Amino acid sequence: MNSPLSRVRRWLCAALVTLAGMTAASSAPMAIAAVPGGTDTTLPTPVANPLDSPTAIAPILSTGRALILEKGGAVRVMQSDATVLAADALTLGVCTGSEQGLLGAAVSRNFASDGFVYLYYSRDAGNCSSGSGRFNRVSRFTMSGNTISPASEVVLLDNMAIPAGNHNGGDLEIGNDGDLYVSVGDGGSNPRGSGPSAAQDLSLLNGKILRITTSGGVPADNPLVGAVNAQSCATAGIAAPGTAECTEIYASGLRNPFRFAFDPNTSATRFFINDVGQGTWEEVDSGGKGRNYGWDSREGLCNVGSLLTCPPTPAGFTDPLTVYSHDTGCSYITAGAFIPNGIWAAPYDGGYLFADGGCGKIFLMTG
């Protein structure tokens, strides 16, 4: 139970929704064999403080532990034997309406020496019921033992608008390049009040994958560094001029990239993005510097809202790796994880698993 291989299996499974079926990824899913030796296991939680609406799990690989987030703002600690401590490591005051809350976490690769953890949460800016009184924030905290000090907070990104309360994105991952990647949703409506989706507006961080250093700086090779109107928009929100080109942006054109995952089988910075669709298609995108995935004119491989009107890819847009329609009975893509080489036999070896919360299934996209 405590071996490194067991922990990898546990973190992989915990990153996904409960297994209800194993399906090959396509617009018409086909049943395939379940993972060899796979079982469903209910992990124990404290009677006095059971888990409440968990949103994410982040392994602390150097210790065998993991952080578990709750929507309401609590950070919990799972020990190496898979038991969850009764005491919260940290409790943040967050907005919890709609899709808001404590949404994402990442752990420093140098955790043993610096104790840094990174959290993405919807902060209360005075009125959680108002689009002008709530914003998404990314902060770095310091953890010691099983406690995270609230006083250690260092704000890295802030004032990311959520005018409709949904489409927050909310994932954090540290890439093989050592930088911090952040997925931000489009906020549900245009934060400036009118115009196209924020996903196509380079003066806003919404609808994007962001890339910053682990101390909040901008990597020199980000795609908009050196642009005519380049500027840092780390905490600017809608106060940034409409002509700005935010240097934190790594990729754009996303609706609600709720979760993304890096490939552990390569030393390169390779990652896939699970972008939640509107009413027709769900998609998995290949992460890449400067890519535009087409929202809000494209959904899946087609025009928004269409199953049949699927013209050639417009110039400047990048199509998904795989899609599936809501006609399958599935309706919103959730978490994903690459399968580390050597854990399971083909066709799983090196594949990518992703889940749908509407139909309760996990899909396999083979390597």
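Hi everyone, let's start with a pair of residues: Val-75 has Leu-90 of β6 as its bridge partner. What we have here is a predicted model, where local features need pLDDT of at least 70, side-chain atom pairs count only at pLDDT 80 or more, and totals for chains, interfaces and linings use all residues. Residues are numbered from 1 along each chain as its sequence is written, and side-chain values use heavy atoms, with hydrogens and water left out.

Back to our strands, which are DSSP runs of E with at least two residues, numbered from the N terminus. Strand β5, residues 74-78, runs antiparallel to β6, and 2 bridges join them; strands count as paired if DSSP finds at least two bridges between them. Zooming out, β3-β4-β5-β6 is the order of an open sheet of 4 strands with antiparallel pairing. At its edges sit β3 (54-60) and β6 (90-91), each pairing on one side only.

Now, two residues in loops around here. Ser-53 is not a glycine, yet its phi is positive, about 50 degrees. You'll find Ser-53 in the loop between β2 (30-31) and β3. Ala-82, in the loop between β5 and β6, also isn't a glycine and has a positive phi of about 80 degrees.

Are they buried or exposed? Ser-53 is partly exposed, at 42% relative accessible area, while Ala-82 is buried at 1%. Buried means under 20%, exposed over 50%, and partly exposed in between, using a 1.4 Å probe and protein chains only.

One last stop: the peptide bond from Trp-295 to Asp-296 is cis, with omega near 20 degrees. Asp-296 belongs to the loop between β19 (281-286) and β20 (298-299). Thanks, all!
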